[in-house]
Amino acid sequence: MAATPDTEAQQKPIEHTLLFIDGKWEESEAGGRIPVVNPATGEVFVSVQEARESDVDRAVLAARKAFDSGPWPRMKPGERAQILWRLGDLIQRDGEELARLTTLENGKPYAQSQMIDVRGSVKAFHYFSGWATKVTGATIPLSTPGDYHAFTQREALGVCALIVPWNYPLSNAAWKVGPALAAGNTCVLKPAEATPLSALRLARLAIEAGLPEGVLNVVPGYGPSAGAALAEHPLVDKVSFTGSTQTGRAIATASLGNFKRVTLELGGKSPNIVFADADLEAASAGAAAAIFSNMGEQCVAGSRLYVEESVFDEVVARVAAIGASMRIGDGFDPETQIGPLVSKEHLERVTGYLRSGVEQGATVLSGGETVGDRGFYLQPTVFTDVTPDMRIVREEIFGPVVVATPFREVDDLVDVANDSPYGLAAGVWTQNISRAHSMSRALRAGVVWVNCYGVFDPALPFGGFKESGWGREMGYDVMQHYTENKSTVIKLG
């Protein structure tokens, strides 16, 4: 892994601040700009062009033309595969710059930007390049009288609107762009307004990789204007969104105009369960990582910690000690383990939950304070003495805040763990193999990690139950979300 860039490298100019439409760098028609803030300092360090409705329309029309009459959907699958693999290679080549941009705009430690955002994106494009040649149909034997040849084939949907969040700005884009392009679709990518830089860099690399004009368009903009325009646009065939459940509802409603296909990866309030027979050192470290990594700004964060009563004090004390020992600071400091939250507004939102917890009677075992007078830093926080009705237990906080609860009976535990509108992820820590399987069955979550947490792979489907969303990212499952199944019947003789 490359060393953290020096101060001069950190401050070098940002190359790409325009919209990327139809293979060209374009000004916003309305002339608006989005200030990009460094969360470590709270200061604006660059601004990018703001896409509004007319810019979104230009991008969609470019993508529509590229799909309807351009070469991309008509290329041999192997040609598309080569371009996507090359794009993964170029991300790897420019990994230091992409990690720099990610840390500048998001605040996370530089090493995490490299390991998760950059490496995860390389893996995603390499993996999905392989699917370009493997989207197949089947022959179907018919029982209908007569002689027929019947078969199915999966075809690209068309224009895909891809709306990604700010917590993993590059890798979330790769999760969506990779399968959409592998299937032969064209795309309009809208990064979060707080983190547009890595997506714009991705656009440059896509052209270098050989992607035809109009196949990938990037339009930074605000949700109520650019995001809504994409979700409502009559020439968009598919929307894939990752973000809050509230926004997901709005996108689902907007998509009804032309019955767009919709994939939603939304919020979570994930239970992380530690049994007394677990390796308590590993479980405690895993529980801390599940909530404190990426500053808790992850939808799968293990924000509800349930620990068997006989070991509750020991495990929670260990988690609190790990949080208290974490080095908080600028993401470019190689000693930093936890960076700032993404924005002032988000810091205020999270600290509002901290106040709510105290007001409702919870105990702050550790943390709970902001750090410094510059940037958006918050101590990792552990709450105890919580009750199921508290907001900090019910609602997604999206910060380094965990609520810890002891349990005795497994049956009661399952009911409590499933008592949430969300169902994205869950963790179980036990050395009892039967219990591991029974808990995995009982928990209403899209992914259950046993004796680990936060393990992802491009081959592993990811998505949620209940209000955590519709559909799946990654694996073969996601290819079905970017294709339509067509049946053909041919009468013989």
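**View 1. Helix α3 against helix α7.** Helix α3 and helix α7 (residues 197-209) pack at an angle of about 130 degrees, their axes 9 Å apart. Axes are lines fitted to C-alpha atoms over the stretch in contact, and angles run from 0 to 180 degrees between N-to-C directions. The two helices are therefore oblique to each other (under 35 degrees is roughly parallel, over 145 roughly antiparallel, 65 to 115 roughly perpendicular, the rest oblique). From α3, I83, R86, L87, L90, I91 and R93 meet L202, L205, A206, E208 and A209 of α7; contact means heavy atoms within 4.5 Å. By class, this contact has eight nonpolar, no polar and three charged residues.

The model is predicted: local features need pLDDT of at least 70, side-chain atom pairs count only at pLDDT 80 or more, and totals for chains, interfaces and linings use all residues. Residues are numbered from 1 along each chain as its sequence is written, and side-chain values use heavy atoms, leaving out hydrogens and water.

**View 2. Helix α3 against helix α5.** The axes of α3 (residues 77-93) and α5 (residues 110-131) come within 8 Å and cross at roughly 165 degrees. This pair is therefore roughly antiparallel. Contacts from α3 include W85 and D89, and those from α5 include F125 and H126.

View 3. H233 lies in the loop between α8 (223-232) and β10 (238-242). At 9% relative accessibility, H233 counts as buried (under 20% relative accessible area; exposed is over 50%, partly exposed in between; 1.4 Å probe, protein chains only). Not counting residues up to four places away in sequence, H233 touches D57, V60, N258 and K260.

Key. Helices (H or I, at least four residues) and strands (E, at least two) are DSSP runs, numbered from the N terminus. Ala, Val, Leu, Ile, Met, Phe, Trp, Tyr, Cys and Pro count as nonpolar, Asp, Glu, Lys and Arg as charged, and the others, Gly among them, as polar.
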